[in-house]
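Grab a pencil and work through these exercises with the model open beside you.

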Amino acid sequence: VSHATDLVGYSLYLDLLEDLASGKTRHDFPLGREEDRVRHAMELAGQGLDVALVCSGDAGIYAMATLVFELFNGGGLSDAASRIDVTVAPGISALQAAAARAGAPLGHDFCTISLSDLLTPWESIQTRVKAAAEGDFVIAFYNPVSKRRRTQLAYARDVLLQHRPADTPVILATNLGRPGELVRIVPLGDLNVDDVDMLTVVVVGSSDSRTVTTGSGKTWVYTPRGYSAKEGTQLGQTV
Ligand SMILES: C[S@@+](CC[C@H](N)C(=O)[O-])C[C@H]1O[C@@H](n2cnc3c(N)ncnc32)[C@H](O)[C@@H]1O
């Protein structure tokens with residue numbers, strides 16, 4: 001963002017840039033209309049401007065970077081836009097921010113599943129939820145609910161309860177890094193869809209995930225890496 005002259009993005013995200021946006025030309029877009037947003041950014045860059053396409057979290061995780069390459073690949077761009085240079089800057093995705101706030105829940109194998117059926121058929125999402133449940137992955141659920149979508153997270157909880165204990169820790173992390181940030185830890189059996197909104201990432205532990213309360217009284221979630229079970233290795237001696 002620092003050397004861009006022009007910023008393209010959803011208005012809320014451009015507002016969050018605060019001082020970083022000063023002196024730059026803003027191209028605000030409403031929520032949705034993602035292809036318009038990306039096309040606009042690419043066409044501006046084709047005119048020779050230095051453009052930052054701003055996303056939340058990581059631009060490559062359920063976000064705009066993918067659309068850039070989709071548009072390169074048959075998206076009807078102008079010749080100038082099809083010749084632009086692209087740099088994808090890595091960001092901190094919601095699951096990493098949630099994990100850091102809550103402890104170390106991603107210490108062993110994990111996956112992410114988006115529960116949005118806008119771009120993915122619900123049957124495919126169900127297949128992935130079942131596979132992740134059987135594989136005992138820690139799972140970060142993105143897009144867990146929307147105003148219209150209320151049943152998918154309850155479905156996922158019920159499938160997971162067939163494969164891991166009801167006291168498996170779940171992290172509900174809302175508005176990470178923003179005003180109103182809220183991080184809660186609940187047992188899987190008590191996961192309630194009404195406690196979750198579209199600005200929440202839901203990280204469900206594996207059957208190995210544990211909570212620990214430290215001297216300050218704060219309860220953390222972690223997933224052991226498994227060293228303590230290895231022969232000849234004592235917990236605390238291995239990094
Ligand atoms: C379209 S995805 C965008 C993901 C984003 N690119 C990332 O890497 O975090 C939107 C979903 O990401 C999660 N999310 C994005 N920003 C968040 C935040 N600040 N706090 C908690 N969850 C967030 C929520 O699950 C939300 O429904």
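**Exercise 1.** Work out how α6 and α7 are oriented relative to each other.

*Solution.* Keep in mind that this is a predicted model.
- Start with the numbers: the two helices, α6 and α7, pack at an angle of about 30°, and their axes are 9 Å apart.
- Now use the cut-off: angles under 35 degrees count as roughly parallel.
- So α6 and α7 are roughly parallel to each other.
- For the handedness, α6 passes α7 in a right-handed crossing.

**Exercise 2.** Find which residues make the contact between α6 and α7, and sort them by type.

*Solution.* 
- On the α6 side, look for W122, Q126, V129, K130 and A133.
- On the α7 side, pick out Q152, Y155, A156, V159 and L160.
- Sorting them gives seven nonpolar residues, two polar and one charged.

**Exercise 3.** Describe the largest nonpolar core and say which element gives the largest share of it.

*Solution.* 
- This core has 24 residues, and I113, V129, F141, V170, L191 and V202 have the most contacts inside it.
- At least two residues each come from β5 (110-114), α6 (122-134), β6 (138-142), α7 (152-161), β7 (169-174) and β9 (200-204).
- The largest share, five residues, is supplied by α7.
- Another core lies apart from this one; it has 12 residues, including A102, V138, I171 and V221.

**Exercise 4.** List some residues that F141 touches, leaving out those up to four places away in sequence.

*Solution.* 
- Among them are I113, L115, V129, A156 and L160.
- F141 also touches T200, V201, V202 and V204.

Key
Residues numbered from 1 in each chain as written. Predicted model: local features only at pLDDT ≥ 70, side-chain atom pairs only at ≥ 80, totals over all residues. Heavy atoms only, no water. Core = buried A, V, L, I, M, F, W, Y, C linked by side-chain atoms within 4.5 Å. Buried < 20%, exposed > 50% of the residue type's maximum accessible area, 1.4 Å probe, protein only. Helix = DSSP H or I, 4+ residues; strand = E, 2+ residues; numbered from the N terminus. Contact = heavy atoms within 4.5 Å. Axes fitted to C-alpha atoms, helices over the stretch in contact; angles between N-to-C directions. Parallel < 35°, antiparallel > 145°, perpendicular 65-115°, else oblique. Left-handed = near helix turned anticlockwise from the far one by under 90°. Nonpolar A, V, L, I, M, F, W, Y, C, P; charged D, E, K, R; others polar.
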